[in-house]
Protein chains: 6
Amino acid sequence: MILRIDRVQAELPPPSDPDPVGAAAVQELMGGRFGEMSTFMNYTMQSFNFRNKAGARPFYDLIANIAAEEYGHIELVSATINTMLTGGSPVGDKPKFKKGALKKLEGMPNPQQAIGGGQGTLVQDSHGRPWTGDNVFSSGDLVEDLTHNFFLETGARNNKLKVYEMVDHPAARALTGYLLIRGGVHQVAYARALELLTGADLTKMFPTPRIPTDKIPESKKHMKTGEHLKLYRFSPDDYREIVAVFKGNHPETGEPLEVVDEAPKGFEPNDLPSQSAVFAPDYAPEEIAQIAEKLRKDAGL
Amino acid sequence: MILRIDRVQAELPPPSDPDPVGAAAVQELMGGRFGEMSTFMNYTMQSFNFRNKAGARPFYDLIANIAAEEYGHIELVSATINTMLTGGSPVGDKPKFKKGALKKLEGMPNPQQAIGGGQGTLVQDSHGRPWTGDNVFSSGDLVEDLTHNFFLETGARNNKLKVYEMVDHPAARALTGYLLIRGGVHQVAYARALELLTGADLTKMFPTPRIPTDKIPESKKHMKTGEHLKLYRFSPDDYREIVAVFKGNHPETGEPLEVVDEAPKGFEPNDLPSQSAVFAPDYAPEEIAQIAEKLRKDAGL
Amino acid sequence: MILRIDRVQAELPPPSDPDPVGAAAVQELMGGRFGEMSTFMNYTMQSFNFRNKAGARPFYDLIANIAAEEYGHIELVSATINTMLTGGSPVGDKPKFKKGALKKLEGMPNPQQAIGGGQGTLVQDSHGRPWTGDNVFSSGDLVEDLTHNFFLETGARNNKLKVYEMVDHPAARALTGYLLIRGGVHQVAYARALELLTGADLTKMFPTPRIPTDKIPESKKHMKTGEHLKLYRFSPDDYREIVAVFKGNHPETGEPLEVVDEAPKGFEPNDLPSQSAVFAPDYAPEEIAQIAEKLRKDAGL
Amino acid sequence: MILRIDRVQAELPPPSDPDPVGAAAVQELMGGRFGEMSTFMNYTMQSFNFRNKAGARPFYDLIANIAAEEYGHIELVSATINTMLTGGSPVGDKPKFKKGALKKLEGMPNPQQAIGGGQGTLVQDSHGRPWTGDNVFSSGDLVEDLTHNFFLETGARNNKLKVYEMVDHPAARALTGYLLIRGGVHQVAYARALELLTGADLTKMFPTPRIPTDKIPESKKHMKTGEHLKLYRFSPDDYREIVAVFKGNHPETGEPLEVVDEAPKGFEPNDLPSQSAVFAPDYAPEEIAQIAEKLRKDAGL
Amino acid sequence: MILRIDRVQAELPPPSDPDPVGAAAVQELMGGRFGEMSTFMNYTMQSFNFRNKAGARPFYDLIANIAAEEYGHIELVSATINTMLTGGSPVGDKPKFKKGALKKLEGMPNPQQAIGGGQGTLVQDSHGRPWTGDNVFSSGDLVEDLTHNFFLETGARNNKLKVYEMVDHPAARALTGYLLIRGGVHQVAYARALELLTGADLTKMFPTPRIPTDKIPESKKHMKTGEHLKLYRFSPDDYREIVAVFKGNHPETGEPLEVVDEAPKGFEPNDLPSQSAVFAPDYAPEEIAQIAEKLRKDAGL
Amino acid sequence: MILRIDRVQAELPPPSDPDPVGAAAVQELMGGRFGEMSTFMNYTMQSFNFRNKAGARPFYDLIANIAAEEYGHIELVSATINTMLTGGSPVGDKPKFKKGALKKLEGMPNPQQAIGGGQGTLVQDSHGRPWTGDNVFSSGDLVEDLTHNFFLETGARNNKLKVYEMVDHPAARALTGYLLIRGGVHQVAYARALELLTGADLTKMFPTPRIPTDKIPESKKHMKTGEHLKLYRFSPDDYREIVAVFKGNHPETGEPLEVVDEAPKGFEPNDLPSQSAVFAPDYAPEEIAQIAEKLRKDAGL
């Protein structure tokens, strides 16, 4: 079970110039083989399929808890894409029909973001192909699953850096700068788990790929607050045994790793404005707002 | 963001006779077009893509909050499948290699559950095809999204009843009996939201499909505790405006609908036993248990 | 069984400037989830799978008859795309090989239209992905199928308007203006069928999505001739019971709905010119024409 | 445009013993690469994409007209599958809920036929994978398209014979016996077209594959009425130039080929009975029947 | 470029009882995510995409050379499947048509092996889904690619053992016994390469998964001849620098690893008999044989 | 089994201006339905699935031997794409991190070439969709397989010419000019095989499609050295019976066809430079080079 909190894990800039071309690239971080849907669903399914949890609790807790953080990552990627698409058609609430309102978006690389959607995120990759369950590896074998997860985070960091270098929209840069740091923590966590189980020291491979996060301003910012060292516990009461695995020093900086015994506070998400030309949330958003207002009153809110 | 709780929303029976044929059918409720991955990800993405939340808060809260409950449903379906697969190869921890250990599973309809997995759940449907992002509808248009959601719950209930009638394993029956009731609540919620927005009274279509839940013992059980009337709030602090929409009487029984201002307590999940022949969690689970024990001690747990 | 008539349901303008970027967007209306392949094949399969037709004839007739009209829609969408691609390489019959003849098409969003095809339509969506049978919903349950169909037409109208706003090629505008009107008729038909079966009045949701068709010149034109009110019977002798369902007034205009007891007369399709650089219909079309001429003579035509 | 006729091209036996295993194999003839969806949609799209029809009319007419016949083939395959699935759950109209009503279908190779459908046909192949637009070849090059079509019919005949030999349900045998004959006619037609265009005599390859249709009772029956020699014109007025191509003698029997200037009369399709356990057409079909009866009366039918 | 040799890398038993159910499971080793198509094409593409080979020759040679061996593995898996399918319909050359000749294969898990094929191998997995290029990882980053390859071989060994335990047909056992050994060599090779590049000692993870190959008779047999220690050079002249990487001792047995400077001699493949009922290689194979005989004579062979 | 040779079949120009748009089109020749993966894997699988080779040896040898040549074609296509992508980010070895290093590639049609890859080839088509095993036809019926292969080569030549006309990068032109010639040889070979087996003379269809290769400078060049007439034997000792089939004159030029009893000598492939911004082969390629140098020394190379 989960409880949902209406906040996001990192601060994103408000909408600025629309960037549908960049937004198509960011989709790779949503629905690509190494996107956040993959990290989220891999760890989620591995935790669901875990047998004999009692006998291997610290490892179960690690995987289950990182899965919970990853949910926040698909949320962030989606918020980024939506921010980048905002303004692609006239922003605002006024009900109006104007011929050619989407002309500016013609030729956008992922047209379904606007034809089927409301200038919104798709569960697709940068080629416009859907994320699929084939991206999930859940063998039930703990060492294999951890090996996979280490590899998955490696590939994911590769993809994130590439998007950082390719797309210069501030929301994309803020996103990738943050995810590089958090992905790095997960990579360390899985390497440490493998070391404790088998003796193989994968931390010698760090950084892998060789990304100099300390030269990336949008990442460096999070290193200053120690985000590259902390594993948060995303649960009111459970997953307490992660401390048995996530320990020692960071392989790149030598600083001590740290378990934070609660979820991060997060940030108020930007409430992105209506795009009435794509019916988001309607052709006449203010009429919905009036209905909502009345319902709130009736409910005594 | 989410917080994860290590409990499940319904009680499932412990493993009994393995039923890989039935487990293949239950996969439809996991990764089929109308499976729980679809309800979970549809509402999740619709909430991510929602524009101008401030102006339509009660509707945003409704969709976002139901999305949170659906996470618990993919968890339950997975637990059911894993329960049904338990015992397909020799259960237990003893490290041993025995020729033909999986012979009993040859010809199982979804062989990847055992060849690639540890007698575990796949993110696939009953035909062994992966769930894909193409199953997500998120137009950004509130009325369209709600119309879709009403239809999705309708199709989902159809599928659940069919699995109930086809598979007699007690775990499958417990699962479907429960999901029929909860899916019914969501169906009512979306119908009510549409009515409040447009005036169209979809409750006249209930039950749709015409499933007599009160004649299904595994559903009836949950009606006695009022599960067919309650919408839980799955958040510490957010989504409080669902009360503005989920109100009035149940279209089938006439009883008053009710918002419960917290998540249900849930149940301790069964810790399914090792299946060492499929390396779940290892060929020699007790060695992992020893390592884990030592790590726990080191961490002072 | 069908009889085929070599005419199209709406008049399209002749080829003008080629528009491969727009043509890629129009592909969504061919092979997208809400494209015409979907409406055509959904109603076709539902009519094939209908059980106990004798007991529910008016509803069977409605679905089967609308299926027949939808065939004409895939034809129209294809004609539109082909019109928009005409001229992308040198038009005409002269056999000639010229280096770089397709240079102008490099970077077109759906390159298979020219690499594999003869500047022709693909059974794909706007992302270059094929239409699939997964887009068909045919539960056999009449109320569910009708609920689906109402939702499908809703999503389809959304997509059509988006393409209308995004693409300004006259053929695309003529197509979408027409399809918005006809899709609206089908939406009303399914809403009415549901009302007669269950009492739920979906017409209160109209227009859904809230498209002001009377402000769209290419749609308005067809409203003047009453195309928004008429359901044609596409059969020499069958499907006569549609009159039992398609009746009452149009929910938006209040005018009376009307069953026309024959198919519309249609229009002579444009015979699009050869594009010999893509071998359509050949590198040297006039040689084929000579062979054809001789064959005609031999056959006394 | 098409006109639809509520008759089928061949007579099928009424439902007898249900055969879900055989029905799964017959799905290959529906949605497989060489199934009827492929023949139907290949020729349909080739006719839509045909450029300079005026210059190559006899060939355009041939492809367009065979496309029309193929629609009747998907209809027949669907009717066969539905016949074979009839009786898999209790047949009849009485509204009743009975636990385990689908137990007999558990383990059926294509469970979605019943879980998602009403014991009905899917747009899928024998592996439960959807037909896709990737199965369509439409190059625009007349000689290439005809070469493809000849090959497609060759592969299709292979598949039909295999299903004939694998499945002994009388409906499957009646279907494949008939389709082998009609597919043979199309194969001859495309071979003849190629010969007339290029001089290459493909009729020397007949029969290909080497199927002795005259030893197959269910095919022989149709040869007696000359079905192996006739090309029907499926149109009130169009496609008259097929006579310029379909001529000469049959390569296997030496008998003269014949163009029939109208569609075959066809047969009244079996109205398959309700399967209320799968909601087809409802849980309580007789209630729908009452509504329908009233609507008919109101409409003066 | 390649040269092809008409021999196979391991000896397989001749056909015995047909086993279509087991053959469906073996398909996972052909077209599954961890099947031999994946190992073959991953290393092949990584070698094609390798940049600056001169600077990293030993690593390029390693990957390119293992790719060559993997071609022999898809060949072996296919030979195994075909062996297991032999006899599913009457074996032999006599041209005959017999109703129900494939009845014995009805309900086989991968019906396309016979409906579309000649009782032959498909490029599919055990669920009947095609291998796809999405299974290829080729990042261009040497360390990442090697990490992937180590993980891929780990997963592949898991799948092979599962098939070994599930299927008892002697051909399947011979195949998996052999592939477990050769896959192990590749796993060691990639671990060694990573160690030399980064210092991380992955050999501490062996065996991974924990398969006791020395207790598997069909594997043990190959260990006796040292197959678990040898890396063959599959090239007349190239890839000589593999010796710079493949060295040291085997992590499980402590024996020295060895580069063999030529390809293994291999074995004469079984020439599987005709299956005329599925037209393999024809309905009347002896007629083809006569033609072939004449052609040979004409060519002086 | 195969032996691999580190040479390519045709000479490609060195990298010049990067052309990611053209490279996306060339992907069609890699992973499209008619790309080289398809020719390679079709003939490979047909040779694996061949039954009773002894009875039809000349035909088996023909298919198996052409399969071997096709491997060299996927290699060439990949080399072409990689050449065209070289320089898309700064070329060279110096380790450096530079913001926006991939900005130039934003909006490239196949972004995964850079986001997931190292400016390298994907196993995908021009729409960014993966090649799949569904592209393989292997019926086991010799005449059908040959008919398919003739058609496949026909379609492949069509695609190659289109890419030639669309993309003017010198590497793409060199590639397609060469492949048109070699594809033509295979087309003739399959036509000849069919003629010898059935008597049908498909050579009358040549050229098909009607490509005037002698007017294409990049093809003409290879005709001068007789590449359009030669079938090479790609094996040290096997496939000697191809001479029994590949004989007679070329249908277009009338010159005698020729079997060359060894593989062509080929060309040294270009060693494409590092692209450190995409980690190919690393962020700091010269460090790998130092390690490699040391390993070479240690191994006495």
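Analyst: Happy to! A residue is called buried under 20% relative accessible area, exposed over 50%, and partly exposed in between, with a 1.4 Å probe and protein chains only. By that rule, buried residues make up 72% of the 301 residues in chain A.

This is a predicted model, so local features need pLDDT of at least 70, side-chain atom pairs count only at pLDDT 80 or more, and totals for chains, interfaces and linings use all residues. Residues are numbered from 1 along each chain as its sequence is written, chains are lettered from A and ligands numbered from 1 in the order written, and side-chain values use heavy atoms, leaving out hydrogens and water.

Chain A holds 8 helices and 3 strands (DSSP runs: H or I of at least four residues, E of at least two, numbered from the N terminus). From the N terminus on, their order is β-α-α-α-α-α-α-α-β-β-α. The C-alpha trace spans about 65 × 45 × 35 Å along its principal axes. Of the contacts in chain A with a separation of 6 or more, 78% join residues 24 or more positions apart; contact means heavy atoms within 4.5 Å.

Now to the pair. A rotation of 180 degrees with 0.0 Å of shift along its axis superposes chain F on chain D, with an RMSD of 0.0 Å (least squares on C-alpha atoms of residues with pLDDT of at least 70 in both). That is the relation of a two-fold axis. In chain F, the C-alpha nearest the axis belongs to F:Asp201, 3.1 Å from it. The same surface serves both copies, as 100% of the contact residues of chain F recur in chain D.
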